[in-house]
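Please look at the sequence and the model together, and keep both in view while you read.

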Amino acid sequence: SYTIGDTEDYFRVSLTDNQSINLFIANVSSRSGSSENSAEDSVHMDEERAQLKRDTLRIIRELNKRDDILYAEPNYYRRTYFTPNDTYYNNQWHYPLINLEQAWEITQGQDTVIVAVIDTGILSRHPDIQGQLVTDGYDFIKDKNYSLDGDGYDANPEDPGDQSQGGRSSFHGTHVAGTVAATTNNVTGVAGVAGNIKIMALRTLGRGGRGTAFDINQAILYAAGLSNDAGALPTQKADIINMSLGGGGYSANDQDTIDAARAAGVIIIAAAGNEATSSRSYPAAYDGVVSVSAVDANKDLAPYSNYGSTIDVAAPGGDTSRDTDGDSYPDGVLSTSGDDTSGDSIDFVYSFYQGTSMASPHMAGVAALMKSVKPDLSPSDLDSLLLSGSITEDIGNPGPDNNFGNGLIDACLLYTSDAADELT
């Protein structure tokens with residue numbers, strides 16, 4: 001917390017005889033000048049602040065190696081947490097579960113970060129989705145019998161409905177996209193995990209909520225800025241891909257596609273599946289994909305969630321059969337959705353869903369916050385942070401396990417542990 005002016009960076013050292021002293025590291029000199037120099041001054045100040053933080057942490061580490069010092073630690077600032085004013089935020093129990101409010105004090109995302117949501121498409125005019133989309137989403141459903149929009153590949157990812165629920169549509173992609181990046185703090189609806197980032201909507205699931213591996217692979221290639229069957233490319237490739245979809249059957253072509261996108265620097269995240277089994281579900285079980293299982297409001301494995309050796313991380317997926325917090329609503333994940341039961345139009349609504357499909361976008365949103373802090377965050381960087389436990393809460397059996405992988409994603413730990421040093 002620095003301002004223009006003379007400020008001091010310091011930390012507290014406790015000596016072994018229970019004495020405590022404050023050590024002052026450096027002063028940040030004030031700068032004055034004309035307004036045309038203010039932007040340059042701000043850049044210099046940011047650089048100096050960052051260097052002071054690094055120097056402070058470095059000296060603390062060295063002091064902690066000394067026998068005559070009990071411990072040395074930063075003198076942290078404390079403040080209130082950001083709480084969005086979205087109408088239904090109080091029903092989004094799943095965000096405090098991963099300490100998201102604390103992370104929002106650091107960043108709510110940057111609009112230069114793009115998450116590709118490969119799903120049923122998008123309701124682009126939903127009030128909590130408008131303004132959150134890049135303009136080059138795409139429809140990759142090739143078979144007109146499944147597309148339900150009258151054509152094959154096209155540049156319009158709008159969701160006409162999938163008729164997956166006895167004639168009623170799920171608008172699954174809109175729900176997933178809302179969890180990643182619904183407009184936040186707009187006195188409307190719900191908040192997104194990373195409300196300031198952008199969504200690239202890629203439609204691959206049509207009638208009945210189904211889609212082919214071939215179409216999904218083309219969407220992956222497109223999101224990564226790679227050659228694909230549609231012959232189209234986005235203006236800017238996605239940083240992260242979320243796939244809240246899956247099924248059985250290993251495919252070498254799928255793995256090759258995942259490898260190509262990952263080599264292009266794209267982080268790939270997928271839902272582990274909802275069959276309550278250890279059987280592998282793809283694409284989540286492919287090498288190079290972050291596989292996400294689901295927990296309920298008590299941080300227990302959700303009753304439907306898949307598990308097994310390929311699980312990398314857990315995130316909130318909900319359980320609509322329960323109301324743990326007594327708010328008179330089911331413990332599902334609340335997000336943006338649509339309602340086409342009238343048959344004449346699509347109403348923009350908010351719905352409680354459960355599933356690893358809901359858990360995966362929580363992880364994708366946290367990855368987008370990380371990418372906002374460190375733009376060069378690579379897929380292998382994220383792998384390392386997960387494997388080290390730096391960004392997860394260890395739940396279940398100690399250490400990695402088959403239910404939660406490396407633990408429950410914790411957005412706050414990114415900034416209060418060694419992970420922060422890794423990111424800088």
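Serine 244, leaving aside its neighbours within four places in sequence, is in contact with Ile118, Asp119, His172, Val176, Ala271, Ser357, Ser360 and Pro361, where contact means that heavy atoms lie within 4.5 Å. This is a predicted model, in which local features need pLDDT of at least 70 and side-chain atom pairs count only at pLDDT 80 or more, while totals for chains, interfaces and linings use all residues. Residues are numbered from 1 along each chain as its sequence is written, and side-chain values use heavy atoms, with hydrogens and water left out.

Serine 244 belongs to the loop between strand 7 and helix 6; helices (H or I, at least four residues) and strands (E, at least two) are DSSP runs, numbered from the N terminus. Is serine 244 buried or exposed? Its relative accessible area is 4%, so serine 244 is buried, a word that stands for under 20% relative accessible area, with exposed meaning over 50% and partly exposed in between, for a 1.4 Å probe and protein chains only. The side chain of serine 244 is joined to the side chain of asparagine 242 by a polar contact of 3.1 Å, and a polar atom of the serine 244 side chain also lies 2.8 Å from the backbone oxygen of serine 357. A polar contact is a pair of N or O atoms within 3.5 Å; within protein, one must be able to donate a hydrogen and the other to accept it, and residues adjacent in sequence count only if both atoms are side-chain atoms.

Threonine 356 counts as buried because its relative accessibility is 1%. Its side chain reaches the backbone nitrogen of glycine 273 at 3.1 Å. Not counting residues up to four places away in sequence, threonine 356 touches Ala271, Ala272, Gly273, Asn274, Val292, Ser293, Ala294, Tyr304 and Ser305.

Now turn to a pair of helices. The axes of helix 5 (residues 213-223) and helix 6 (residues 252-263) come within 9 Å and cross at roughly 10°, where axes are lines fitted to C-alpha atoms, for helices over the stretch in contact, and angles run from 0 to 180 degrees between N-to-C directions. Helix 5 and helix 6 are therefore roughly parallel to each other, since angles under 35 degrees count as roughly parallel, over 145 as roughly antiparallel, 65 to 115 as roughly perpendicular and the rest as oblique. Helix 5 contributes Ala213, Asn217, Ile220 and Leu221 to the contact, and helix 6 contributes Asn253, Asp254, Thr257, Ile258 and Ala261.

Helix 5 is mostly covered, with nine of its 11 residues buried, among them Asp215, Gln218 and Tyr222. The buried residues of helix 5 pack against strand 4 (114-119), strand 5 (138-139), strand 6 (198-203), strand 7 (240-243) and helix 6. After helix 5 comes glycine 225, whose phi is positive, near 75°.

Several loops also deserve a careful look. Asparagine 196 lies in the loop between helix 4 (172-181) and strand 6, and counts as partly exposed because its relative accessibility is 38%. Asparagine 196 and threonine 183 are 13 residues apart along the chain, and their C-alpha atoms are separated by 7.4 Å.

Most residues other than glycine have a negative phi, and most peptide bonds are trans. Asparagine 99, although not a glycine, has a positive phi of about 55°, and is found in the loop between strand 3 (69-74) and helix 2 (100-104). Glutamine 163 is likewise not a glycine and has a positive phi, of about 50°; this residue is found in the loop between helix 3 (144-147) and helix 4. The peptide bond from tyrosine 282 to proline 283 is cis, with omega near 20°, and proline 283 lies in the loop between strand 8 (267-271) and strand 9 (290-295).

Finally, consider the chain as a whole. The chain has 10 helices and 14 strands, and 50% of its 424 residues count as buried. Among contacts in the chain with a separation of 6 or more, 67% are between residues 24 or more positions apart.
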